[in-house]
Amino acid sequence: MIGYVIWGEEEAKKWYDEHMFVKEAAEYLGLSKYLIRKMVKENKIPYSKTFRDVSFHKAILDAWMRGEFPPGKVALILDKECIGYDHRDALYEHYQRYPELLEQIKQKTEQSNPRRDEYSIEVLDDGVKLTLYATDRTIISNIFLNNYIVDDMISIVNLYKSK
């Protein structure tokens, strides 16, 4: 079970400090190594796992002891472009536990991206016609882009994506 998903370098810097393994975490918390391993297995303590190695971070353990950090595996996602299979599982479990976060992301996406019914694109021989609609389907604006402008836009977008 995923306890928490850490997004990006800034949040990782906030939480990832003083790396500890089971022995050091047991000493820090005043518990036995056996109990720490059992708590990890039962997802009762926040931990990170790389292959077979289980590790802990002091800031996360301190927040967990204050009741400010959920128990379970901590998943780190530095870049949305690098989300792998394990990360997809982590995100799925994370958003199952915190559905309000998923709703916030959907609202932000809807606000920043126009819906397909709010615009139409018509490709013509000499360019592209873009029509923007209001919510009641009245036309707000008609824009015509000739082929030179479209080619220029494509090259700029490709240049931007290659950076």
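## Helix 7

Helix 7 covers residues 147-162; at 1.5 Å a residue its 16 residues should span 22 Å, and its end C-alpha atoms are 22 Å apart, so the two values agree. The expected span is 1.5 Å times one less than the number of residues in the helix. Helices (H or I, at least four residues) and strands (E, at least two) are DSSP runs, numbered from the N terminus. At the start of helix 7, a side-chain oxygen of asparagine 146 comes within 3.0 Å of the backbone nitrogen of tyrosine 148.

The model is predicted: local features need pLDDT of at least 70, side-chain atom pairs count only at pLDDT 80 or more, and totals for chains, interfaces and linings use all residues. Residues are numbered from 1 along each chain as its sequence is written, and side-chain values use heavy atoms, with hydrogens and water left out.

## The chain as a whole

The chain contains seven helices and eight strands. Of its 163 residues, 28% count as buried, where buried means under 20% relative accessible area, exposed over 50%, and partly exposed in between (1.4 Å probe, protein chains only). The accessible surface of the chain is about 11900 Å², and 54% of this belongs to carbon and sulfur atoms. These areas come from the Shrake-Rupley method with a 1.4 Å probe. Among contacts (heavy atoms within 4.5 Å) with a separation of 6 or more, 50% join residues 24 or more positions apart.

## The core and its surroundings

A nonpolar core is a set of buried Ala, Val, Leu, Ile, Met, Phe, Trp, Tyr and Cys residues joined through side-chain atoms within 4.5 Å. In this chain the largest such core has 22 residues, and those with the most contacts inside it are Trp15, Ile36, Ile45, Phe56, Leu61, Trp64 and Phe69. At least two residues of this core come from each of helix 1 (8-15), helix 2 (22-29), helix 3 (33-41), strand 4 (53-57) and helix 4 (58-65). Helix 4 gives the largest share, five residues. In soluble globular proteins, nonpolar side chains tend to be buried together.

Phenylalanine 69 touches Tyr4, Trp15, Pro46, Ile60, Ala63, Trp64 and Val74, leaving aside residues up to four places away in sequence.

Strand 4 also holds serine 55, which is buried, with a relative accessible area of 7%.

## Salt bridges

A salt bridge is a side-chain nitrogen of Lys or Arg within 4 Å of a carboxyl oxygen of Asp or Glu. By this rule there are three.

| Glutamate 42 | Lysine 44 | 3.2 Å |

Aspartate 62 and lysine 58 both lie in helix 4, four residues apart, about one turn of the helix. Aspartate 62 is buried, at 17% relative accessible area, whereas lysine 58 is partly exposed at 23%. Glutamate 42 is partly exposed at 38%, and lysine 44 is partly exposed at 46%. Glutamate 68 counts as exposed at 53%, and arginine 66 counts as exposed at 53%.

Note on methods:
A polar contact is a pair of N or O atoms within 3.5 Å; within protein, one must be able to donate a hydrogen and the other to accept it, and residues adjacent in sequence count only if both atoms are side-chain atoms.
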